[in-house]
Amino acid sequence: MNASPNPFTLPAPLAALTGRLPAYPGSLLLVTALNLGVARQLPGDVGEMLRGKRLRIQVRDARVTLDFTWTGNAFAARPRQTETDLCISASAHDFVLLAQRQQDPDTLFFNRRLVMEGDTELGLVVKNTLDALELPVLDLQQWAPRQVLARLAALRPGARPADPLYPGTRP
């Protein structure tokens, strides 16, 4: 795992802009990604522990806060909550490194670049679950609009995926 001595942070003018964006659309994008990549693999006991919990991802340098919950069947976006059960915060760069599996969450945590606040037990369960899941490494090309729309279309009842790893894409 690579450790960046000086991690990239968003420039202040860009952060000022992203910090003014409404939170709900971002939360909706986040839960769409979680539902595509995580929801089907979530163990039942973890799902029960997460059910109804108020969760938050905070991208510090972008001044973006994304609130969501687990309904028992899927992740669902929520409007900004006054209180949360678990908040995970880091820079945009560190979240991308985590998603690309170029950085270990424990390293970021001990270097105080990744912070978990709230229910410590829940935080450890989330971290250990994500570590154990078979998730594809974030490939930004997969998130091109055409590929995302194809995967979403494959989620409709009766849809048949062409590729088992990325439903709705062509092999």
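**View 1. Lining of the second largest pocket in this predicted model**. A pocket here is an open set of points on a 1 Å grid over the protein atoms alone, where a 1.4 Å probe fits, with protein on both sides within 12 Å along at least five of seven lines; lining residues have an atom within 4 Å of a point. The volume of this pocket is about 210 Å³, taken as the space filled by probe spheres set on points joined across faces, edges and corners. By type, the lining comprises 7 nonpolar, 3 polar and 4 charged residues; Ala, Val, Leu, Ile, Met, Phe, Trp, Tyr, Cys and Pro count as nonpolar, Asp, Glu, Lys and Arg as charged, and the others, Gly among them, as polar. At least two lining residues come from each of α5 (105-110), β5 (115-118) and α6 (120-132). Helices (H or I, at least four residues) and strands (E, at least two) are DSSP runs, numbered from the N terminus.

**View 2. The aromatic pair of Phe 109 and Phe 110**. The structure holds 3 aromatic pairs. In this one, the rings lie 5.4 Å centre to centre with 80 degrees between the planes, which is edge-to-face. Rings of Phe, Tyr and Trp (its six-membered ring) pair if their centres lie within 6.5 Å; planes under 30 degrees apart are stacked, over 60 edge-to-face and the rest tilted. Phe 109 is partly exposed at 38% relative accessible area, and Phe 110 is exposed at 65%. With a 1.4 Å probe and protein chains only, buried means under 20%, exposed over 50% and partly exposed in between.

**View 3. Strand β2 and its partners**. Strand β2 (residues 64-70) has 6 of its 7 residues buried, so the rest of the structure largely encloses it. β2 pairs in the antiparallel sense with β1 (residues 55-59) over 5 bridges and with β3 (residues 75-78) over 4 bridges; two strands pair if DSSP finds at least two bridges between them. Leu 55 stands opposite Phe 68, and Asp 67 has Arg 78 as its bridge partner. Phe 68 also joins Trp 70 and Phe 75 in a cluster linked by ring pairs.

**View 4. Two hairpins**. The β1-β2 hairpin has 4 residues between the strands, and Arg 63 takes a positive phi near 55 degrees. In the β2-β3 hairpin, also with 4 residues between the strands, Gly 72 takes a positive phi near 110 degrees.

Residues are numbered from 1 along each chain as its sequence is written, and side-chain values use heavy atoms, without hydrogens and water. In this predicted model, local features need pLDDT of at least 70 and side-chain atom pairs count only at pLDDT 80 or more, while totals for chains, interfaces and linings use all residues.
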